[in-house]
Amino acid sequence: MSLKRFKYLLAPIMLAGFTACQSDQSVNTIQSRIVDFIEANQVDSAAHWVRKEIVLIPSSVAGDKFRLVEFPNGLEQGMPDTVINLSPLVMPKNIAESLPHLRGFNAYQIDPNPIDTRSLFRSQLAVIGFSDGHINSINRVQFPHALDDFYTSGENDADEVDDLGANVSTDHINFKVWAPTARDMSLEVYNSDLLPMDSFKMAYDADSGIWSAKTTKSDALTYYRYKPTIFHPESGQIETYEVTDPYSLCLSANSAFSCVVDLNAPDTKPEGWDSHTSPSLAAPEEQIIYEAHIGDFSGRDASTPKQDRGKYNAFQHSGSAPMRHLAELAEAGLNTFHILPAYDIGTVLENPGEPIVLTETIKTACTKLGEPAGFCQTDNNDRTLIELLSSFDPLSGDAQAVIEAINEADDFNWGYDPVHYTVPEGSYASDANGLTRIVEFRQMVQTLHEMDLRVVMDVVYNHAYKSGMEHLSVLDKLVPGYYHRRHPITGAIEQSTCCENTATEHAMMGKLMTDSLVAWARDYKIDGFRFDLMGHQPRDLMLKARDAVQEIDPDNYFYGEGWNFGEVANNAQFRQATQTELAGTSIGTFTDRMRDAVRGGRFNHQADDLRRAQGIGNGQFVSPNNLNPDPARDDYENNLDILRLGLVGNLADFELIQKDGTTVTGKDIPYGDAPAGYAQDPADTINYVSKHDNQTLWDNHQYRLPYDFSIEDRVKLQVQSLSYVLLGQGIPFMHMGSETLRSKSYLRDSYNFGHWFNHVDFTYQSNNYNVGLPPAIKDKVNWPIIQNIIAANEGRDTPSPEHIKSAKNQVMDLIRIRNSSPLFRLQTAEDIKARVRFLNTGPDQIDGLIVMSIDDGYWDQNLEDLDESYSEILVAFNHSPKNITYNLEGASALYPLNLSLPNTYVSEQELNLPAFTTVVLARR
């Protein structure tokens with residue numbers, strides 16, 4: 001403790017009954033008072049240092065006077081150093097507006113003092129409230145907003161620095177890391193064998209909070225880590241440890257060391273990388289997006305060489321079944337390949353032979369597991385895991401028990417557990433150390449581009465895998481308390497996203513996100529980004545990040561999950577990037593409106609509620625199942641309107657005629673407590689009925705379809721459900737395998753349940769249905785209804801290879817139809833409102849039928865001619881179990897575009913529409 005500094009600052013004030021610090025005994029008494037209070041009372045983190053001179057404290061915190069107190073060795077030690085008086089202040093309007101969740105707090109001015117207050121961030125800080133000589137309250141201080149004000153509010157400070165991380169110049173390697181709360185920092189350098197090679201003391205720039213070092217350039221691969229000396233609130237003391245670089249561009253296996261790389265160097269590029277270009281995009285609405293997981297794509301495919309299954313290199317085998325299938329889809333017109341997270345993740349071991357794989361023996365798997373598991377006690381441990389799993393009764397829980405036992409140690413995870421945001425994941429590479437993962441990732445992207453497929457990457461900047469001082473924590477080891485969003489009172493890291501929420505509203509976390517996106521677009525030629533839980537990020541940051549990316553790639557497209565929930569819900573902490581807030585920006589959001597109207601129910605329904613909640617895609621009202629003897633017409637008609645609205649891109653002001661003859665706009669149609677229509681532009685909307693989350697479309701429908709439906713009708717309804725997505729305005733999004741009736745055996749959340757439940761068979765022999773009851777941890781409550789459904793369906797839910805191939809061919813036909821005319825891809829809300837109208841509406845509408853007309857001069861001859869082949873396209877969706885004859889004047893001039901459909905005919909005044917079928921017709 002600096003006794004002189006403490007005496008100077010404490011003398012003019014009164015803290016817990018002392019007016020001056022005149023002896024060690026006085027100091028020890030103050031220390032004792034603080035320790036006693038902490039032991040007897042709850043100590044929160046409700047004080048917020050938000051600007052250079054402003055602290056906010058909840059009005060409920062006790063005390064007549066408040067002091068900002070520095071504890072260099074931690075609050076629990078009770079030994080203060082600097083103490084600064086806080087004077088009451090009227091809450092500044094700009095702070096109340098920018099920090100709405102703290103609007104009800106009281107504001108205090110930090111009194112003038114001779115201390116460089118930036119130095120206080122290197123200690124634990126508390127606000128102590130007292131009155132009448134007694135301590136009334138102690139609150140730890142959260143100070144991310146003050147760090148932003150000190151280090152990012154100027155013209156040329158931390159957030160303008162464009163070379164954080166390791167950067168290779170002609171003769172040197174320059175290292176920079178932002179860590180303004182660290183007391184010291186060194187750079188620890190390792191050789192290619194990961195053995196210590198050198199240590200460099202880093203220099204600190206007090207204006208930016210950045211530590212830097214320069215080393216001589218080496219021809220050998222150099223690994224490194226930073227070594228801060230820093231107060232960490234998790235331990236409550238000064239810590240010294242090594243940590244990887246949050247700006248890493250290269251890593252060793254299992255994320256242990258950062259490595260130096262020049263991504264412009266020849267040894268980081270596959271042949272032809274520099275000269276190859278991405279497929280161009282005339283408008284976002286031109287996209288048809290196909291969501292895939294790198295592991296799922298080839299993980300169990302026998303036609304892919306064993307060493308490349310589930311890897312980046314699987315995309316180099318053009319003759320494999322997965323690649324032939326993808327080529328067929330691309331030829332039909334699929335143009336955007338969305339890969340689930342492929343940055344560095346924390347849940348899959350990366351060295352060959354480390355994770356458990358299904359093709360190895362039970363004996364080997366049990367040795368790797370390292371702990372007893374029931375399946376290890378089998379008589380024949382020389383069988384492979386696949387052989388064991390295949391031997392079980394599919395209506396039992398035996399298979400899931402094995403998968404649950406190995407799922408933390410196997411080779412599968414979706415990847416929503418980021419460690420380093422800007423390095424390709426190593427478990428998909430043939431060698432996770434150094435440059436190989438970079439080259440192989442680039443080769444995958446290049447191959448997809450050469451197939452005329454744009455590449456979208458799923459990104460997760462809303463949380464990190466770990467925090468605090470845990471293994472694989474990165475951000476929270478460098479600037480503890482800054483990068484993660486914390487509860488405003490307790491200071492605990494929020495976990496509404498699933499994990500350790502990050503705070504992209506803080507300038508340097510937002511910068512990290514933006515810099516990372518720019519790197520992926522510039523250095524890996526990624527054509528678009530899908531944002532996980534995008535609603536947990538600020539709208540302004542999303543727009544700023546897109547501007548930065550589009551400076552490099554002008555047609556790069558952003559979209560994501562605009563869900564509104566958690567601690568940030570309803571713009572509680574900032575204006576969010578949610579569905580309604582992003583309307584009109586052409587940043588796409590997934591629309592749960594069409595999804596729920598088609599699938600039925602909500603994502604969190606269970607047991608009988610799953611079956612009871614039918615949607616239009618699985619028989620709502622027109623084909624009620626055994627739990628819906630008296631289906632509600634009002635719910636059905638509302639879902640019809642929501643689905644019609646989805647077909648026009650979910651536009652807020654599109655006019656629809658309801659069953660009672662009333663004309664309403666999209667925003668007037670209810671979707672729970674929210675408006676169904678929210679979009680202002682078709683690029684605002686991502687239409688989907690299935691993606692990696694929740695049950696697959698096939699499993700969802702089997703939950704809800706009547707028992708007696710034939711397999712042929714079940715296939716028809718799968719295809720029709722996808723037709724709403726593929727023939728509607730907005731941007732269509734397909735889950736890999738939905739075109740081949742993909743099943744996960746009813747599993748709701750398959751994120752880490754391996755290749756058994758996540759398997760996709762591109763040889764079309766199976767859709768992976770009924771391979772065992774889904775894991776109990778997710779779905780045990782649903783086991784009885786699953787067993788009952790499978791028994792009652794009597795095999796009518798099990799498709800043959802012919803059924804799978806037929807579904808695939810019909811979906812490819814729909815893709816071709818969408819690409820055949822720009823009328824399916826209108827680019828403005830005004831064009832949609834002028835051209836699209838719905839027939840079969842109002843009081844006389846026929847149940848089970850949606851009829852959509854897209855005009856190109858037939859009804860309104862003043863319209864610009866967009867498609868010289870057609871004057872009108874008519875799409876009829878018959879979701880009823882009966883053929884429907886629909887009267888339509890001038891019908892004889894229409895002819896079907898999907899010619900493969902049977903029992904479709906057009907007469908002078910009517911259309912004959914087959915059951916469970918979508919018919920597309922055109923007029924010259």
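Me: What volume does the second largest cavity have, and which residues line it?
Reply: Start with the general idea: rolling a probe the size of a water molecule over the atoms shows where empty space is left. In this predicted model, the second largest cavity comes out at about 60 Å³. Its lining is made up of Leu164, Lys176, Val177, Trp178, Asp245, Pro246, Tyr247, Tyr483 and Met508.

Me: Which strand gives the most to that lining, and how do the residues divide by type?
Reply: Strand β9 gives the most, with three residues. By type, you get seven nonpolar, no polar and two charged residues in the lining of the second largest cavity.

Me: And how much space lies in the largest cavity?
Reply: About 80 Å³. Its lining divides into two nonpolar, five polar and five charged residues. Helix α14 gives the most here, with three residues.

Me: Let's switch to helices. How do I read the way α6 meets α22?
Reply: An α-helix has 3.6 residues a turn, so residues three or four places apart point the same way. Here, α6 brings His325, Glu328, Leu329 and Ala332 to the contact, and they meet Lys808, Met812, Ile815, Arg816 and Asn819 of α22. That contact holds four nonpolar, two polar and three charged residues. The two helices pack at an angle of about 30 degrees, and their axes are 8 Å apart.

Me: Why does the length of α6 agree with what it should span?
Reply: Its twelve residues, at 1.5 Å a residue, should span 16 Å, and the end C-alpha atoms are 17 Å apart, so the two agree.

Me: What comes just after α6?
Reply: Gly333, with a positive phi of about 130 degrees.

Technical notes:
Residues numbered from 1 in each chain as written. Predicted model: local features only at pLDDT ≥ 70, side-chain atom pairs only at ≥ 80, totals over all residues. Heavy atoms only, no water. Axes fitted to C-alpha atoms, helices over the stretch in contact; angles between N-to-C directions. Helix = DSSP H or I, 4+ residues; strand = E, 2+ residues; numbered from the N terminus. Contact = heavy atoms within 4.5 Å. Nonpolar A, V, L, I, M, F, W, Y, C, P; charged D, E, K, R; others polar. Expected span 1.5 Å × (residues − 1). 1 Å grid on protein atoms, 1.4 Å probe; cavity = no way out; pocket = protein on both sides within 12 Å on 5 of 7 lines; lining within 4 Å. Points joined across faces, edges and corners; volume = space filled by probe spheres on them.
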